[in-house]
Amino acid sequence: MNHVVETSPGEFSLYVGGVFASRTPANVRTILGSCIAVCLYDPVARVGGMNHFLLPAAKDDDGFEVARFGVHAMDSLIGELMMRHKADRRRLVAKVFGGGHVLDTAHSTDSVPERNIRFIRDFLRDEEIPVVAEDL
């Protein structure tokens, strides 16, 4: 499956498991429920990107594509920004979205949205990437 689709010149749709990075300004959109989308930007190199992940980590033998999971999606986005677009990890800033409770179930600390939110906050804190905006 193609997880990033160019819908018109400079406009892209990002699906679960997608990672997009660019030096050229672009409009990137996605639809979130309990999933998380992270936007990273290096303001000096003027490069940025976005990912969209489903869960923090895969269970053994899941058989899913690894970019559907937080740690791999984050590593892919950071790697793409640094290797292909020459971003400096020390300058990255983040905007984080998603983690919605879309099912009519009781909220718990072990729900998918809460695990996703906890994962991304811990990951960005541990990697010392400041969050400049969030809507979680």
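In which loop is Lys86 found? Lys86 sits in the loop between H1 and E7, where helices (H or I, at least four residues) and strands (E, at least two) are DSSP runs numbered from the N terminus. The model is predicted, so local features need pLDDT of at least 70 and side-chain atom pairs count only at pLDDT 80 or more, while totals for chains, interfaces and linings use all residues. Residues are numbered from 1 along each chain as its sequence is written, and side-chain values use heavy atoms, with hydrogens and water left out.

Phi of Lys86 is near 65 degrees, a positive value in a residue other than glycine. Most residues other than glycine have a negative phi. Lys86 is exposed, with a relative accessible area of 58%; buried means under 20% relative accessible area, exposed over 50%, and partly exposed in between (1.4 Å probe, protein chains only). Arg46, in the loop between E5 and E6, has a positive phi of about 60 degrees. Arg46 counts as exposed at 59% relative accessibility.

Helix H2 covers residues 112-126. Its 15 residues reach 21 Å from first C-alpha to last, close to the 21 Å expected at 1.5 Å a residue; the expected span is 1.5 Å times one less than the number of residues. Pro113, Asn116, Ile117, Phe119, Ile120, Phe123 and Leu124 of H2 are buried. Seen down the axis of H2, these buried residues fall within an arc of 160 degrees, so they line one face of the helix; the arc is that of the directions from the helix axis to the C-beta atoms. An α-helix has 3.6 residues a turn, so residues three or four places apart point the same way. The face of H2 turned away from its buried side carries the exposed residues Arg125 and Asp126.

What covers the buried residues of H2 includes strands E5 (36-42), E6 (47-53), E7 (93-98) and E8 (131-135), along with helix H1 (70-84); contact means heavy atoms within 4.5 Å. After H2 comes Glu128, with a positive phi near 60 degrees.

Some of these strands pair with each other, which requires that DSSP finds at least two bridges between them. E5 and E7 pair in the antiparallel sense over 6 bridges, and Cys39 stands opposite Lys95 in E7. E7 and E8 pair in the parallel sense over 4 bridges. Here Val96 has Glu134 in E8 as its bridge partner.
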